[in-house]
Amino acid sequence: MRKTAKEWKTFYSDPEFEQNYTYEGHDLGAACTEDGTSILLWSPVAESVTVRFYHDGESEDSYRTEAMVKEGKGVWAYRTKEVLHKVYYDFELSIEGKMICSADPYAKACGINGKRSMIVDLKRTDPKGWEEDVSPAYQQEQIIYDLHIGEYSWDPSGGFPAAFRGKYKAFTCENTTLDHDGVHPTGFSYMKKLGITHVQLMPAYDYGSVDESKTEGEFNWGYDPVNYNVPEGSYSTDPRNGEVRIKEFKEMIQFLHKNGFRVIMDVVYNHTYSLDAWFQKTVPWYYYRVHENGETANGSACGNDVASERSMCANYILDSVLYWAEEYHIDGFRFDLMGLLDTGLMNWIEKELALRYGKGEKMVFGEPWSADETPMEKQAVPALKCHVDQLDPHVGFFCDDTRDAVKGHTFEGEEPGFVNGGEGLEEEILASVRAWCGPKSKVKAPSQVITYVSAHDNWTLWDKLSLTIPDEKERMQANRMAAAIYMTCQGNLFFLSGEEFARTKDGLENSYNAPIEINRLDWKRAYEQYELTEYYSGLIHLRKQLPGLCDKSRNAWKRIQNRWKTDGAVGFTVDNRNERAPSRWETLCIIYNSRNEKFALELPEGKWEVLLDGYSSNLWRDPFVTEGTVKVDSHSVLVLGQTGK
């Protein structure tokens, strides 16, 4: 009789299983060099394993089969001196007397739609100059731009070649302009002018919710992992040839680096596309959590939860992260539903990245929540916001408290925040300045905090504000104020691509599988809303000159001084001194006024330069001086700087 999910859980929880079958090697999967090929699969419960070879990723019949040999710790191996580059393969396993077909969970290449794995000599996929590719140096501040590969270049107004629209190759196109007009920059040139430092790519591993064989009508954000270590094929110019997507992905990274952007990868290790996955087929129920009653855990709301606390699952996730960092030169990782992973694993990932690349060189952060509870084993602690004190200071997380205080509840559309009519939020706004993330979190330093008001999830900022502010002129003022607030808070800054030009999805709250026409980045709107875009750009460039806000150290909170609040208005000063990166202004005075009328304030003694108000973020380029009483416009942020005496 075959084991139930609960029986498998009991079997794997036995300490003897852990001792006998935890494989410490890092060579699982297929490796191919000029010296030959090896294929290693971890499946301690299999009675036999056969590897089957194919000429392509679609044909039904294999042209050759080879029995694999069982080695120690549950690893099955096939080794040959043949160079099997571009040969496709899968496995036939006997488990509990039943024959099961599976692709390789450790595959580094695959055929169309990820159904069959492919052997690849990775050196042959390197674009010219890949060995010289280096990440841009860190700037004074990290400004992260949340971007979907397909959305970036799909709209014809972006001026990208038709063959590259929605593809990796669009990122190799420089000097693109709006409708090819040669005047209004799009793509790299636009992002440089905006001032962002990091591009966060939404899922770019091989996912299952898009049919790669179709050239039109397919769209999804991609939070549906199939092959964790393989680039997604729908962004490739030739998804049927497994090596093409790898080379084109590397070219994308190469050009992003060349143009001054570090690259963060959005990773989804908390669940798989379905339970019909290579994990489940090769080691049934090992990689997934099960409740005591035998039901599959669903803390992800996607049908399954990956058991990160189990040794071989943790090894897999760590090896996958390190692989993307090494092979593809990825600069950071954003973990989807990080609250479903455990703090031990997250700290281990940070530790191993730091050992290889230096502390803080690779950004690590995620969503410190889950959709529901999940039954972790081994007394593992979930990486939730309430457990931030158990995370390394360089493991960061999104601050939803600041997000909701500024613009209103992210799920309740008509519930306003500080900028759009919410009352009694002054204390939350003041706390946010110091990278506060709620009463249950114990933030160690601003290095842990991702400060933001919009991401790909839920309504865009503009669409959220439209639910509470019908008048477009007032809404625009609220948008500017929201941006100015979070960009004058401590922490790492993050925003959805297009937020800076009032990006809209026609009011759709969740567009994960909506048509590309809804999701695409509308480059025309970037210039229709040019004044807002310029406001964001000025804010970003000003932020980089304010070390008192950019400080990520444990004692950064001490820089925020003289905090005060009254109904609808708050303010504070900032110690802006920094010997290593001196600023023109030693002290800042910042006021947020959400009232419907102007707010008068007696400034601290001395003369102050006006750097930013509710209408212009470029005053710092040629500031004017004021002293005594200042009047802050309604629904505005005012930033003043005082030079050294």
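Mentor: Contact means heavy atoms within 4.5 Å. This is a predicted model: local features need pLDDT of at least 70, side-chain atom pairs count only at pLDDT 80 or more, and totals for chains, interfaces and linings use all residues. Residues are numbered from 1 along each chain as its sequence is written, and side-chain values use heavy atoms, with hydrogens and water left out.

Trainee: Which residues is Gly 366 in contact with, leaving aside neighbours within four places in sequence?

Mentor: Phe 335, Met 338, Gly 396, Phe 397 and Phe 398. Gly 366 itself lies in strand E16, residues 363-366. Strands (E, at least two residues) and helices (H or I, at least four) are DSSP runs, numbered from the N terminus.

Trainee: Why is Gly 366 called buried?

Mentor: Buried means under 20% relative accessible area, against over 50% for exposed and in between for partly exposed, with a 1.4 Å probe and protein chains only. Gly 366 has 0%, so the word applies.

Trainee: What makes a set of residues a nonpolar core?

Mentor: The members are buried Ala, Val, Leu, Ile, Met, Phe, Trp, Tyr and Cys, joined through side-chain atoms within 4.5 Å. The largest one here has 172 residues, with Trp 42, Phe 335 and Tyr 592 making the most contacts inside it. Helix H7 (residues 311-327) gives the most, 11 residues. A second, separate core has 13 residues, including Cys 589 and Phe 599.

Trainee: What is the bridge partner of Trp 42 in E6?

Mentor: Val 75. Val 75 is also among the residues that Trp 42 touches, as are Phe 17, Tyr 106 and Met 312.

Trainee: How do you know that E2 and E6 pair?

Mentor: Two strands pair if DSSP finds at least two bridges between them. E2 (residues 36-42) and E6 (residues 75-80) have six, in the antiparallel sense, so they qualify.

Trainee: Why do E1 and E5 stand at the edges?

Mentor: The open sheet runs E1-E2-E6-E5. E1 (29-33) and E5 (69-70) each have a single partner strand, so one side of each lacks a neighbour in the sheet.

Trainee: Why are H12 and H15 called roughly parallel?

Mentor: Axes are lines fitted to C-alpha atoms over the stretch in contact, and angles run from 0 to 180 degrees between N-to-C directions. Under 35 degrees counts as roughly parallel, over 145 as roughly antiparallel, 65 to 115 as roughly perpendicular and the rest as oblique. H12 (residues 472-486) and H15 (residues 530-543) pack at about 15 degrees, axes 10 Å apart. The pair is therefore roughly parallel. Met 476 and Ala 483 of H12 are among the residues making the contact, as are Leu 532 and Tyr 536 of H15.
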